[in-house]
Amino acid sequence: MTSQQAMREGNVMTSKRNAATHTRIGRKVPASPASGAGPSARRRRRMLGAVLGVAALVAVGALAGGLAGGKAHAGVLTNCAATPSSCSFPGATNTGVPSGTTLKSVPGQVSSGPGWYYNAAWNDVMVTGKGTVLSGLYIPCNLRIDASNVTVKNVHVVTSGDFGISLTHTTGATIENSTISGQNATTGRVSSAIDDIYGDSTGMVIKDNNISSFRTAVQVSTGLVDGNYIHDPGYIAGDHTNGFYVNGGTEPLTIENNTIFDRLGQTDTINLDAGSSGVPVANKTIENNLLAGGGYSIYGGDALGNPTSKIVIEGNRFGQLYYPKGGQYGPAAYFNPAGTGNVWSGNLWDTTGQAIPSP
């Protein structure tokens with residue numbers, strides 16, 4: 001990249017960072033997530049537990065009619081939100097950089113490596129080499145991924161800037177077992193911990209990360225987001241706080257097996273809504289997550305009357321850590337049960353095991 005190209009790209013980045021809304025530009029039709037991104041061991045354990053739980057319910061004759069009537073079942077785990085890892089959900093002890101990992105500080109101890117370098121002019125770590133594996137680093141600034149098939153693993157990013165980890169026009173990026181946070185919960189919060197800036201990256205896998213002190217934790221519209229612990233958002237006046245913001249679209253996206261806690265009365269743990277009316281929202285799956293807080297914990301894509309289809313929300317637990325209704329106003333809103341292929345099924349209160357009807 002020439003210095004003029006870098007300056008132009010930097011100017012675009014700056015204008016994007018100063019934008020007041022989440023609206024994306026330049027969308028392309030992304031590919032599906034990589035075929036190798038299968039369920040994690042944690043997910044398999046939870047699925048096995050669910051199977052055993054159902055078998056137990058059948059044995060006591062409690063399965064028939066129970067969920068439909070909103071009644072709790074004997075044998076259903078409750079109060080997982082108190083200690084998520086006790087129910088095999090992501091928590092402080094099983095996500096992020098593994099305990100005991102030695103990290104080198106950038107740029108103090110190391111300023112470059114195969115496929116990456118520290119850019120002092122922009123105070124960014126730039127990943128430009130295809131197939132780069134970035135591991136074992138402490139990064140006090142934006143980590144910017146500008147190449148495909150990049151793996152970020154066992155990395156700790158702490159910054160008060162606009163982005164923790166940003167993706168620009170990438171394919172097949174994996175971010176795993178990393179810790180991403182702001183410097184504190186107020187003026188030092190990171191605006192967006194993980195962000196596909198232009199909305200055109202494809203094949204992303206975001207798994208087993210610990211994310212905190214953010215305005216928006218994850219902002220992507222396609223890929224696989226599995227096993228992350230998203231908690232303790234930051235806040236300054238005027239923020240709209242999101243655990244997960246999708247911005248609509250029809251690219252396939254799976255959000256599964258995450259713990260997402262938003263203690264604030266706005267905005268959400270997961271928001272599928274588009275930034276403007278008339279934009280279709282489709283092919284989004286939200287399953288087996290542990291959620292609590294927000295205005296509504298889930299926004300189902302229909303807030304502006306947008307056409308929705310194949311929105312699948314199933315098997316999620318809604319905690320009451322912050323509000324009796326899950327979120328300040330309820331567990332979910334703006335979900336259209338009449339949309340083609342839309343499913344609301346098996347969602348329950350974490351405190352009682354009772355089923356939650358479709359909003």
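This is a predicted model: local features need pLDDT of at least 70, side-chain atom pairs count only at pLDDT 80 or more; totals for chains, interfaces and linings use all residues.
A residue counts as buried when its relative accessible area is under 20%, as exposed when over 50%, and as partly exposed in between (1.4 Å probe, protein chains only). Cysteine 87 is buried, since its relative accessible area is 11%.

Residues are numbered from 1 along each chain as its sequence is written, and side-chain values use heavy atoms, with hydrogens and water left out.

Cysteine 87 has a bonded partner. A disulfide is a pair of cysteine sulfur atoms within 2.5 Å. The structure holds one disulfide. It joins cysteine 80 to cysteine 87, with the sulfur atoms 2.2 Å apart. The torsion about this S-S bond is about -85°, so the disulfide is left-handed. Cysteine 80 is buried, with a relative accessible area of 0%. Cysteine 141 is also buried, at 2%.

Aromatic rings come next. A pair of aromatic rings is described by the distance of the centres and the angle of the planes. Rings of Phe, Tyr and Trp (its six-membered ring) pair if their centres lie within 6.5 Å; planes under 30 degrees apart count as stacked, over 60 as edge-to-face and the rest as tilted. Seven aromatic pairs occur in the structure. One of them links phenylalanine 261 and tyrosine 322. Their ring centres are 6.4 Å apart and their planes stand at 80°, so this pair is edge-to-face.

Helices (H or I, at least four residues) and strands (E, at least two) are DSSP runs, numbered from the N terminus. Phenylalanine 261 belongs to strand β19 (residues 259-262), while tyrosine 322 sits in the loop between β25 (317-318) and β26 (330-333). The pair therefore ties together parts that are 61 residues apart in sequence. Phenylalanine 261 is buried, at 5% relative accessibility. Tyrosine 322 is partly exposed, because its relative accessible area is 32%.

Phenylalanine 318 and tryptophan 344 make another pair. Here the ring centres are 6.2 Å apart and the planes are at 25°, so the pair is stacked. Phenylalanine 318 lies in strand β25 and tryptophan 344 in strand β27 (residues 343-345). This contact therefore ties together parts that are 26 residues apart in sequence. Both phenylalanine 318 and tryptophan 344 are buried. Elsewhere, Tyr296, Tyr299, Tyr329 and Tyr334 form one aromatic cluster.

The backbone also has cis peptide bonds. One joins valine 106 and proline 107, with omega about 0°. Proline 107 lies in the loop between β1 (104-105) and β2 (112-113). Another cis bond joins glutamine 266 and threonine 267, again with omega about 0°. Threonine 267 is found in the loop between β19 and β20 (268-271).

Positive phi angles were examined too. Serine 213 is not a glycine, yet its phi is positive, about 55°. Serine 213 lies in the loop between β13 (210-212) and β14 (214-219). This serine counts as buried, at 12% relative accessibility. Asparagine 283 is not a glycine either, and its phi is positive, about 65°. Asparagine 283 is placed in strand β21 (residues 281-287). At 28% relative accessibility, asparagine 283 is partly exposed.
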